[in-house]
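Please examine the sequence and the structure shown here before reading the briefing.

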Amino acid sequence: MAYETLIVEIEDHICLIKLNRPDALNALNTKLLAELCDALESADKNDKVRCVVITGSEKAFAAGADIKEMSSKSYVEVFMEDLFADASNRLMGIRKPIIAAVSGYALGGGCELAMACDFIIAGDNAKFGQPEINLGVIAGMGGSQRLTRYVGKSKAMDMNLTGRFMDAEEAERAGLVSRIVPAKKLMDEAMGAAAKIAEKSTISTLAAKEAVNRSYETTLTEGLKYERRLFHALFATDDQKEGMGAFLEKREAQFRDR
């Protein structure tokens, strides 16, 4: 399917999605969010896709939600349409692993989109922020919730109240990003990580993602039980037999997602 605001490429079991609104620094308007959700859901259903990478341009992953589109809306309008709820819910419903490859600005909705992915690989030029306070509003797609869980109350409060940006080094120290690489090597690193994931059993990667995400939604005792049950369940798969057999035989596993 052709998209107006995205470039989508599928190769070697990886779906690469590039946000493509260069004139607006990839600002997230209604069209882009709808197309992004559609592309992600298509990748999730595609048996040939094992991992997804979302990226933007070298200058901006996404500089925020589209202010021009939102500025004239009233409370009744945004409340009745439940602005951003559909996109947020659809993003949370994607089961396959998603890597955010962030170069340049990831601000407001852009930062929130990156956080909605499973992990972030950042170029050394990346800048993260929740500057909505400067517009007389607050974050609306997880900037006060996910950010607090990732970096703690103090830094999240600082960013949400002052609107200051966090550079890549601080973001890594705080736990927001998994690793930093030179900006020119960002896509090589992100695609390399995706290729590593694509080598694994899709059944196992789906289970691993589900287990880690559950840790944010429940107690430690219940989370450990959930993890253990998924671990047990994977012994019913051919891939578990292949993976352990390959280890004992000192060869590469050939997973078949069965």
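The points below describe a predicted model, grouped by topic. The largest pocket has a volume of about 1000 Å³.

**The largest pocket**

- The lining of the largest pocket is made up of 35 residues.
- Ala 116, Asp 118, Tyr 150, Asn 213 and Tyr 216 are the lining residues that lie nearest the centre of this pocket.
- At least two lining residues come from each of α4 (85–92), α5 (109–116), β7, α6 (146–151) and α10 (202–214).
- Helix α10 supplies the largest share of the lining, namely eight residues.

**Salt bridges**

- Side chains of opposite charge can pair when their charged atoms come close.
- Glu 35 forms a salt bridge with Lys 31, and their closest N and O atoms are 3.7 Å apart.
- Both Glu 35 and Lys 31 belong to helix α1 (residues 30–45), where they are four residues apart, or about one turn of the helix.

Methods: Residues numbered from 1 in each chain as written. Predicted model: local features only at pLDDT ≥ 70, side-chain atom pairs only at ≥ 80, totals over all residues. Heavy atoms only, no water. 1 Å grid on protein atoms, 1.4 Å probe; cavity = no way out; pocket = protein on both sides within 12 Å on 5 of 7 lines; lining within 4 Å. Points joined across faces, edges and corners; volume = space filled by probe spheres on them. Salt bridge = Lys/Arg side-chain N within 4 Å of Asp/Glu carboxyl O.
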